[in-house]
2 protein chains.
Amino acid sequence: MAAERRKAVVLLSGGMDSCVAAAIANQSHRLALLHTSYGQRTEARERRAFEEIADFYGVKDRLMIRLDSFVQIGGSALTDRKIAVPEFDDSAVHASEIPITYVPFRNAHFLSAAVSWAEVIGATAIFIGAVAEDSSGYPDCRPGYYRAFAELVRQGTRPETHIEIETPVIAMRKSEIISRGLELGAPLNLTWSCYQFEDEACGTCDSCRLRLRAFAEAGLSDPIAYRARVTQ
Amino acid sequence: MAAERRKAVVLLSGGMDSCVAAAIANQSHRLALLHTSYGQRTEARERRAFEEIADFYGVKDRLMIRLDSFVQIGGSALTDRKIAVPEFDDSAVHASEIPITYVPFRNAHFLSAAVSWAEVIGATAIFIGAVAEDSSGYPDCRPGYYRAFAELVRQGTRPETHIEIETPVIAMRKSEIISRGLELGAPLNLTWSCYQFEDEACGTCDSCRLRLRAFAEAGLSDPIAYRARVTQ
């Protein structure tokens with residue numbers, strides 16, 4: 001009989017990237033799935049996506065947490081109702097400027113929760129679906145950031161704790177993530193990416209446009225419903 | 001006219017170490033005070049200490065956040081009601097073993113909130129009253145941990161953001177912290193350290209015993225009320 005697989009905490013937002021990260025983790029680890037609601041506009045819809053993906057993989061180890069501090073702190077269009085979610089602006093995506101949907105230092109909060117949980121349940125890896133190039137230029141989506149976080153974990157946990165930080169899709173284009181997800185049978189139809197709406201995806205925010213473009217590049221049709229589908 | 005002082009976020013739990021860290025920060029910076037309730041047994045009492053210290057320093061920039069995830073995650077006597085707070089055990093304090101009051105990876109959550117807030121309000125430093133030697137052997141209270149966190153901040157914030165991580169009491173003994181606090185006029189009478197009770201300090205938990213011993217070493221009497229004062 002094979003030895004029992006080690007456990008991994010996967011940060012599963014409910015979006016495509018984290019869904020494919022879960023599919024990759026699932027090849028080598030038992031899954032423990034962590035979701036964070038932080039006052040983002042579409043949090044109920046993302047939580048539903050989380051639950052449906054967790055059901056798909058038959059995962060019992062689920063942790064759903066709330067972080068109210070981002071709403072109190074503000075400063076991002078995702079959590080501050082006074083700042084509008086911008087329409088897609090192609091020129092800005094690969095520019096050096098940080099978009100207004102950036103939530104300051106967000107991933108550190110998510111990863112910290114993952115480490116605390118991993119240490120208690122004995123997980124030996126954390127998977128996060130961060131994407132460096134293809135995403136929106138957020139500073140906390142780059143490889144150097146995850147190397148720094150891995151060092152922080154090494155320094156800040158019990159001596160007997162060993163937790164790897166895995167970023168399996170960080171170097172992929174969004175279209176590659178889709179292809180990899182399909183290879184692995186990831187339930188992309190259950191994922192949610194829109195920053196604005198919860199019933200049908202808007203099709204016009206940064207996140208929707210990047211997703212639609214990526215499906216087009218992969219030569220596929222996105223299985224979720226959109227109000228508008230602009231794929232040029 | 002002197003230039004306006006730069007702003008610093010101080011993590012102010014309401015205990016002595018963070019109170020003295022605030023007193024030190026107050027010499028060079030305008031204070032912005034951050035408090036976190038995370039389901040610790042004495043959270044209401046600590047919040048009161050925070051408010052009273054903030055009033056003492058006349059600070060308007062206050063952020064009080066809640067983190068429910070520690071209670072959900074468990075694994076520590078501070079946040080898990082199924083685990084008892086241990087009585088002081090002298091032999092364990094400087095042993096290599098991590099005490100059961102350790103909350104896994106706790107300070108990363110606090111620091112992450114401080115960085116998010118600092119980035120939004122334009123603070124250029126974060127002060128935290130971590131103590132390496134004299135505290136309870138928590139892995140996230142050592143200098144290497146803060147160097148790793150500073151690197152994470154450099155990697156994970158906007159290019160124009162520069163935030164120093166300051167640990168002004170990390171190398172001090174608790175008795176030195178008390179002396180330094182008194183020199184700076186820090187309101188130690190308003191601080192709270194007990195892990196167990198909220199009306200009078202128990203005098204018997206690790207935190208009370210270390211505090212009482214430190215006052216004794218400094219040749220002073222602790223101004224707060226105790227149920228029992230064992231200062232051997």
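In which segment of chain A does G219(A) lie? In this predicted model, G219(A) is found in the segment that follows α8 (206–217) of chain A.

**Fold of chain A**
- The secondary structure of chain A amounts to eight helices and five strands, and read from the N terminus these elements follow the order β-α-β-α-β-α-α-α-β-α-β-α-α.
- Chain A has 232 residues, of which 49% count as buried.

**Nonpolar core**
- The largest nonpolar core holds 135 residues, and the residues with the most contacts inside it are V10(A), A114(A) and I126(A), together with V10(B), A114(B) and I126(B).
- Once its neighbours within four places in sequence are left aside, V10(A), one of those core residues, is in contact with A21(A), A22(A), A25(A), L31(A), L33(A), L34(A) and F127(A).

**Surroundings of G219(A)**
- G219(A) counts as exposed because it has 9 C-beta neighbours inside 10 Å, and the cut-off for an exposed residue is 12 or fewer.

**Contact between chains A and B**
- The contact draws 35 residues from chain A and 34 residues from chain B.
- On the side of chain A that touches chain B, at least two residues each are supplied by β3 (62–66), α3 (69–73), α5 (106–121) and α6 (143–156) of chain A, and the largest share, nine residues, comes from α5(A).
- Sorted by class, this side of chain A has 17 nonpolar residues, eleven polar residues and seven charged residues.

**Symmetry of the two copies**
- Chain A is superposed on chain B, with an RMSD of 0.0 Å, by a rotation of 180 degrees that carries 0.0 Å of shift along its axis.
- The two copies are therefore related as by a two-fold rotation axis.
- The same surface serves both copies, in that 97% of the contact residues of chain A recur in chain B.

Note on methods. Residues are numbered from 1 along each chain as its sequence is written. Chains are lettered from A and ligands numbered from 1 in the order in which they are written. This is a predicted model: local features need pLDDT of at least 70, side-chain atom pairs count only at pLDDT 80 or more; totals for chains, interfaces and linings use all residues. Two residues are in contact if their C-beta atoms, placed from the backbone, lie within 7 Å. Helices (H or I, at least four residues) and strands (E, at least two) are DSSP runs, numbered from the N terminus. Ala, Val, Leu, Ile, Met, Phe, Trp, Tyr, Cys and Pro count as nonpolar, Asp, Glu, Lys and Arg as charged, and the others, Gly among them, as polar. Copies are superposed by least squares on the C-alpha atoms of residues with pLDDT of at least 70 in both. A nonpolar core is a set of buried Ala, Val, Leu, Ile, Met, Phe, Trp, Tyr and Cys residues joined through C-beta atoms within 7 Å. A residue is buried if 20 or more other C-beta atoms lie within 10 Å of its own, exposed if 12 or fewer, and partly exposed in between; C-beta atoms are placed from the backbone.
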